[in-house]
Amino acid sequence: RGRRSLHFLDQHKMEVPGFEPVASHWIVNVIGMGLTFVAAFDPEAPSYIIIHSQYVMQIIFFIASLLHVGEAFYALYVSSVVKQHSTPAVALWFVQTLLYGFPSLILLHKEPTESERLAMEEREREEEKGEGELVVRDLSVPVSQQVSVVESEIHTHTHA
């Protein structure tokens, strides 16, 4: 048998914009949460940390867990409503943010919205045409309206 990939994106050949699992985030967040859990709930855990109170460690673990869950639901909202991702992409952003926390949100916020992506694709198509005409858009107009204007210009040029 051939070697089977365990990576969800490889198995399904799905591209998720901005989704970049990073090993350092995995190590710091997932292993860190695991060690915090052990320190908080195992009375025989080695005292390798500065805080020697199990009660304080339980509070820290509880707060960190709540933060990760809150961040994950925020990522769910941003990736589905603001970024308008597909359902599998939204699920991946949710899980990644649940595991990685804040670093995942930084990646999610760096990614352009659907209307910004459409505007960038349109600019790339205009550049590929090589017409040499630079179109300057009014920055006070929302990108979604600019995309509508560009689409109407394209429609006009193709039917002229």
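**Legend 1. Overview of the predicted protein.** A residue counts as buried when its relative accessible area is under 20%, as exposed when that area is over 50%, and as partly exposed in between, with a 1.4 Å probe and only the protein chains considered. The model is predicted, so local features need a pLDDT of at least 70 and side-chain atom pairs count only at pLDDT 80 or more, while totals for chains, interfaces and linings use all residues. Residues are numbered from 1 along each chain as its sequence is written, and side-chain values use heavy atoms, with hydrogens and water left out. The protein has 7 helices and 0 strands, where helices (H or I, at least four residues) and strands (E, at least two) are DSSP runs numbered from the N terminus. Read from the N terminus on, the order of the elements is therefore α-α-α-α-α-α-α. Of the 160 residues in the protein, 26% are buried. The accessible surface comes to about 11,400 Å², and 63% of this surface belongs to carbon and sulfur atoms; such areas come from the Shrake-Rupley method with a 1.4 Å probe, and for residues only the protein chains shown count as cover.

**Legend 2. Helix α2 against helix α3.** Two packed helices are described by the angle between their axes and the distance between the axes. Here the axes of α2 (residues 23-41) and α3 (residues 54-82) come within 8 Å and cross at roughly 145°; axes are lines fitted to C-alpha atoms, for helices over the stretch in contact, and angles run from 0 to 180 degrees between N-to-C directions. The crossing of α2 and α3 is left-handed, a term used if the near helix is turned anticlockwise from the far one by less than a right angle, with right-handed used if clockwise. Residues of α2 that make the contact include Met 33, Phe 37 and Phe 41, and those of α3 include Met 57, Ile 60 and Phe 61. By class, this contact has 9 nonpolar, 6 polar and no charged residues, where Ala, Val, Leu, Ile, Met, Phe, Trp, Tyr, Cys and Pro count as nonpolar, Asp, Glu, Lys and Arg as charged, and the others, Gly among them, as polar.

**Legend 3. Helix α3 beside helix α5.** The axes of α3 and α5 (residues 102-110) lie 10 Å apart, and the two helices pack at an angle of about 10°. This angle makes α3 roughly parallel to α5, since angles under 35 degrees count as roughly parallel, over 145 as roughly antiparallel, 65 to 115 as roughly perpendicular and the rest as oblique. The crossing of α3 and α5 is left-handed. In this contact Glu 71, Tyr 74, Ala 75, Val 78 and Ser 79 of α3 meet Phe 102, Leu 105, Leu 108 and His 109 of α5. Sorted by class, these are 6 nonpolar, 2 polar and 1 charged residues.

**Legend 4. Helix α4 against helix α5.** The axes of α4 and α5 are 6 Å apart, and the helices pack at an angle of about 140°, which means that they are oblique to each other. Trp 93, Gln 96, Thr 97 and Tyr 100 of α4 meet a set of residues in α5 that includes Phe 102, Pro 103 and Leu 108. The contact of α4 with α5 has 7 nonpolar, 3 polar and no charged residues.

Legend 5. Ser 80 is part of helix α3, where its relative accessible area of 32% makes it partly exposed. Leaving aside residues up to four places away in sequence, Ser 80 touches His 85 and Val 90, and its C-alpha atom is 9.3 Å from that of Ala 91, which is 11 residues apart from Ser 80 in sequence. Gln 84 sits in the loop between α3 and α4 (87-100). Most residues other than glycine have a negative phi, yet Gln 84, which is not a glycine, has a positive phi of about 55°.

Legend 6. Pro 112 belongs to the loop between α5 and α6 (114-129) and is partly exposed, at 23% relative accessibility. Not counting residues up to four places away in sequence, Pro 112 touches Lys 83, Arg 117 and Met 120. Although Pro 112 and Lys 83 are 29 residues apart along the chain, their C-alpha atoms are separated by 7.3 Å. Ser 24, in helix α2, is partly exposed as well, with a relative accessible area of 40%. The C-alpha atoms of Ser 24 and Tyr 100 are separated by 9.6 Å, while the two residues are 76 residues apart along the chain.

Conventions:
Contact means heavy atoms within 4.5 Å.
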